[in-house]
Amino acid sequence: MRTNSFQIRHIGPQEKEQASMLKTCGVSSINELIDKTIPSDIRLKGALQLPKAMSEQEYMAHILELEQMNKEYKTYIGLGYYPTIMPGVIQRNILENPGWYTSYTPYQAEISQGRLEALLNYQTMISDLTAMELTNASLLDEGTAAAEAMIMLYNARSRKKKKAGIATFFVSDEVLPQTIAVLETRSEPLGIKLVIDNHESIHFTDEFFGAIIQYPAKYGQVYDYKEFVNKAQVQDVKIVVAADLMSLALLTPPGEWGADVVVGTTQRFGIPMSYGGPAAAYFSTTDKYKRQIPGRIIGITEDVDGNRALRMALQTREQHIKREKATSNICTAQVLLAVMAGMYAVYHGPKGIQFIASEIHQLTITLDKELKKMGVSQENKSFFDTLLIKVNNSKKVKKEAEKQEVNFWYIDATTLSISLNEIANLSAINQILKILAKTEGKDFKEIEKLNDKSILSHELTRTSEFMTHEVFNQYHSETEMMRYIKKLENRDLSLNHSMISLGSCTMKLNSATSMIPLSWHSWGDVHPFAPIKQAGGYKVALEGLENALNEITGFAATSLQPNSGAQGEYAGLLVIRAYQKSIGQGARDIVLIPASAHGTNPASAVMAGCKVVVINTTESGNIDVDDLREKAETHAEQLSAIMITYPSTHGVFESAVKEITQIIHEKGGLVYMDGANMNAQVGLTNPAIIGADVCHLNLHKTFAIPHGGGGPGVGPICCTADLAPFLPGNPIVKTGGDKAIKAISASPWGSALVTIISYAYIKMLGAEGLTKSTEVAILNANYLKTKLSEHYPILYSGENGFVGHEMIVDFRDYKDKGVEVIDVAKRLIDYGYHSPTVAFPVHGTLMIEPTESENKAELDRFITAMANIKKEIDANTVEDENSILKNAPHTQGMLTVEEWPYDYSRQQAAFPLDYIKENKFWPFIRRTNEAYGDRHLVCSCNPVEEYL
């Protein structure tokens, strides 16, 4: 065994196992399988042109070399990003723990109670600090959250305002520039007019539906916005406040002075700056908007025994149900980062958070006082952590500061701002004073103590309590915190327990080697707006990843900015539309979308200002080419694009794909390829060959970024040379093309830190390993299909009877046995497995994707479990509402009661197969009562007594 080969560590089945599996599939070689699976006219003619694969040891030496090219300056730039201190207990037990970072979005509540509780803590923390009633389980970044707030209020306008066509939204010119850029991007396709102006002079009329303000403002001034809010309310203008979460420990929260929505980032709660991300954005609002709030909400319900249970609430708002009628395309969150931020609050508690905020504020007051003593002008009258300073020459200050490895924010030739943070101390203040004394020709006198007197007025000072729930007031020793985190971890099923074969989700190995650098300070402590020369390691890694993705997709250019798959869809469509406008075809606004497409596709198209026309699928699950041709002809003048997934959402390589893309091109449209299933393409075919013009990739699927329980994700877009000039830009750092559309996300490179995971994945596999991974992903899926087809009908396959990297198992015929697909999903938990994807893309089915990382033994265990469940289905009757399937999953509590009222044994319930005894996973609750939870929506930690 070549122990220096990452390929053999990543790919589950070894050569001997592969040979056995190929025989089971009825083929003699992997080449024969691929030839019979992928149409010959779209196969790559040669190998990927990528550097030779590195061993894990070689990669670690390489990434260490790159890390040393990132400069750890003391950073006081602010603008929404701050140096922080991540508690070691959180770093070691969550960030570096596969029990937390390899779990999936908590659709299966019974095996997700740990992270659901952690997210409920997060929601409670946000609701308390903002003084709002309802908080979601996180969004992608502050800019996205602000845009989602604007769009929510636009969709929720009063009937009178809708009838009058009111579409004007006020944006304070003191909102963060990156947030304004995202607002501009998101408003234009929807016809929302932005008025960017001074909040103190704006005159509201009934032409406005909403407004956004920054608290504190971008350069640190803390305004009393009560009069502004009163003026807005007279005209029924709803208020969004973008608030610094740490400041709300000291400042009067927006919920107490009339905000309708409060948004921001939780990055200050122990999350590194990470060159811009990832970090969890927060979104809190009033109960009035509970049916419109974007993203996911964790709510409290009860299980079938009446015990308290948590689950994702109000799921009928999601895109796979509402499709083009969805008001948002948000399909993921930043769960891992939200969990970490929430745990930061649990660990420190309200007094600890107040202490940290007070320390930052006192440092800022001290700096302000000493600057004034020196004769240096400071403009902010009221502030939390940021000072606006007048100097003689900003360039001179910059030169001296950088010489001392310090970053300030330089606004113009004579103005700079300094934002203090959690890691700043008295020594830092003296260094800042020394720099400014030297450049301004002032005397420097070292200070020895902080000024502890607040400069905030009574109106601006928080008096209300926050985080009073016991969870924030009992885990303050590391021992107790460690045990609390472990207790929650034990309630969740992750990849470190068993295969998670979710179709269209690609739950593959997230290698330890690729994850290790995420904890290194020289990757985490780089500000996204720091000078490029200070991010040399990032520059090499990001450009290296972009070049590799260009080669893998066959395209000319890549943008890493979108930080989710749905955001990638949106970005790709905006790039198409920008290109079409540039050639005088701006009237093209029809997007054709197959009926089988993921729900975010139509939602993204509508957000991009397009109209959706649905294309039928045939009985075999493929795009109906005749229907496509007819609709392309009908809409030829307005045809902007088609959105296709390849292999299809049904897991099949459609042989007509080149005909499909040709039809669109002949009618003047472009082709957008959803990259959700790219794991079946890499090294064997590519989007360019099939005729796509732009695609997004899910780095958190194909390229091994962990799912984190529902985020972070990265959804870069790759495109042709014609579209490359329109790739998204950023208002502060040059990114994108020469004709760049405005920002898609707040940070120039989106969630930059986690992209180095994908960089590692490609570096360590190389061309051969990437291609082999794709081949084995297809082999594993076909092996499962062959074995499972002995027990269940498989819905779709290609012309030669093979599937791509996933398959759909049909359970609809078992309804006459009284069995629903959800019963099978829950019963799999008793066998130690997370259910595959339920009821998507076809109701009454499971979509199964094993990935290349699972070996034959694990696949065989799953097959045995499914075969045994088939026997249980056969034994079930419609009349039996108390069967082993209907009662699944079975908890430890059920099995340990004196009375056992069921017709089957305890062993059948919990240990139906021998392998389970070696590694039993116990679900923490029984099935949840979804309807109860939606009728009694509770989304924060209220005292347990209220639910008894």
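Biologist: Is C25 buried or exposed?
Modeller: This is a predicted model, in which local features need pLDDT of at least 70 and side-chain atom pairs count only at pLDDT 80 or more, while totals for chains, interfaces and linings use all residues. Residues are numbered from 1 along each chain as its sequence is written, and side-chain values use heavy atoms, with hydrogens and water left out. Buried means under 20% relative accessible area, exposed over 50% and partly exposed in between, with a 1.4 Å probe and protein chains only. Because C25 has 9% relative accessibility, C25 counts as buried.

Biologist: Which cysteine sulfur is nearest to that of C718, and how many disulfides does the whole structure hold?
Modeller: A disulfide is taken here as a pair of cysteine sulfur atoms within 2.5 Å. C718 is in no disulfide, the nearest cysteine sulfur, 4.6 Å away, being that of C695. Searching the whole structure gives a disulfide count of 0.

Biologist: What geometry does the aromatic pair of F204 and F208 have?
Modeller: Rings of Phe, Tyr and Trp (its six-membered ring) pair if their centres lie within 6.5 Å, and planes under 30 degrees apart count as stacked, over 60 as edge-to-face and the rest as tilted. There are 33 aromatic pairs in the structure. For F204 and F208, the distance is 5.4 Å centre to centre and the angle between the planes is 90 degrees, making the pair edge-to-face.

Biologist: Which residues do ring pairs link into a cluster with F204?
Modeller: F204 is buried at 5% relative accessibility, and F208 is buried at 7%. Ring pairs link F204 into a cluster with F170, F208, Y215, Y223, Y225, F228 and W257.
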